[in-house]
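Here are a few notes to go with your first look at this one. Have the structure open while you read.

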Amino acid sequence: MKKDRLLAKWLNDDLSPDELAEFEASPDFEKYRKIKDYTAHLEVGDLDENAMLSNILSQKKAAPKVVPLYKKWAFRAAAIFVLALGITFAMKVLVPQTETADFGKKTTFSLPDNSEVVLNSGSEINYKKWNWDNHRHLDLKGEAYFRVAKGRKFEVQTNLGKVTVLGTQFNVKARKNRFDVVCFEGRVKVNYADTQILLTHGQSVSFENGKQIKMVVSLTQPEWVGNEIAFYKENIRSILDEVERQYDITIELNTKDTTSLFTGKLPANDLNTALHIISTTYHLEAKQVSKNKIIFDEK
């Protein structure tokens with residue numbers, strides 16, 4: 001630009017009279033003059049290029065640090081190992097744990113406080129190991145028998161109700177609209193809808209479609225643990241559902257009468273006997289049409 005060219009020539013005292021007159025008439029001239037007057041008093045020592053070069057060459061250079069390739073890989077492997085341990089710990093402790101018992105099977109396992117749980121066929125439990133001693137809570141789908149170690153409050157949550165204990169033995173069953181709780185030792189608090197009941201040793205309560213049934217039991221553990229299926233005032237569809245779970249089979253029912261209630265026991269390890277008892281009680285005929293399918297027809 002012309003302005004920059006004039007400024008450069010002015011600083012070198014190389015302007016012609018006409019150019020000097022033009023530059024001094026510019027609006028920024030006074031500012032440039034003050035800057036020139038100020039910098040004229042500054043002194044800069046002569047640069048000794050040879051001395052500077054000698055000083056740079058005389059300085060001791062640090063040898064570059066070389067890390068062997070195998071060490072780099074070792075560091076990476078160690079980091080990956082530590083990360084894997086962290087993820088494993090989180091999976092085992094923080095992530096919810098699930099225990100299941102498939103149809104035709106039972107599962108026994110221990111909780112972090114050594115409380116023992118026996119899951120009946122077609123059941124599932126979910127819980128977290130993290131902070132278990134201070135928050136002993138689990139979710140149950142189906143039926144389970146608990147031997148609870150003494151400690152803080154122990155809660156079993158189902159879709160039908162909740163059971164709370166401190167240290168005892170009890171059975172919880174939540175199937176469809178039926179909720180059963182049996183206390184074999186200690187005390188159990190049962191919450192169902194707006195109802196709260198305290199059970200002690202040998203007491204049991206059942207709820208079905210909002211109706212309450214209380215019973216007295218003389219057993220030390222639920223019948224299904226000993227391979228028997230017990231029913232108390234249950235309809236035939238509930239009975240067949242439980243037989244399907246215990247034997248891992250499918251049952252088709254062809255009858256109009258499904259309201260009659262059954263109280264009794266069926267074997268959980270002898271299918272033919274169980275089918276015979278059902279057939280006799282409800283006047284049905286059982287036909288095994290395949291290895292895993294039974295059809296009940298009216299006689």
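1. Is Trp130 buried or exposed? Keep in mind that this is a predicted model. Trp130 has a relative accessible area of 52%, and the cut-off for exposed is over 50%, so Trp130 counts as exposed. You'll find Trp130 in the loop between strand 4 (123–127) and strand 5 (136–147). Together with Leu94 and Val95, Trp130 makes a nonpolar surface patch of about 290 Å².

2. Now for the charged pairs: the structure holds 15 salt bridges. Arg178 takes part in one with Asp180 (3.1 Å, N to O) and in one with Glu208 (3.1 Å, N to O). Glu208 sits in strand 12 (residues 203–208) and Arg178 in strand 9 (residues 178–185), so this pair ties together parts 30 residues apart in sequence. Arg178 is buried at 5% relative accessible area, while Glu208, at 21%, counts as partly exposed.

3. Have a look at helix 6 (residues 236–247) too. Its twelve residues reach 16 Å from first C-alpha to last, close to the 16 Å expected. Ten of the twelve are buried, among them Ile239, Leu240 and Tyr247. At its start, a side-chain oxygen of Asn235 comes within 3.1 Å of the backbone nitrogen of Arg237. Just after the helix, Asp248 has a positive phi of about 55°.

Technical notes. Residues are numbered from 1 along each chain as its sequence is written. This is a predicted model: local features need pLDDT of at least 70, side-chain atom pairs count only at pLDDT 80 or more; totals for chains, interfaces and linings use all residues. Side-chain values use heavy atoms; hydrogens and water are left out. Helices (H or I, at least four residues) and strands (E, at least two) are DSSP runs, numbered from the N terminus. The expected span of a helix is 1.5 Å times one less than its number of residues. Buried means under 20% relative accessible area, exposed over 50%, partly exposed in between (1.4 Å probe, protein chains only). A polar contact is a pair of N or O atoms within 3.5 Å; within protein, one must be able to donate a hydrogen and the other to accept it, and residues adjacent in sequence count only if both atoms are side-chain atoms. Patches are made of residues with over 30% relative accessible area and no salt bridge: like charges are joined within 9 Å, nonpolar side chains (Val, Leu, Ile, Met, Phe, Trp, Tyr) within 5 Å. Accessible areas come from the Shrake-Rupley method with a 1.4 Å probe; for residues, only the protein chains shown count as cover. A salt bridge is a side-chain nitrogen of Lys or Arg within 4 Å of a carboxyl oxygen of Asp or Glu.
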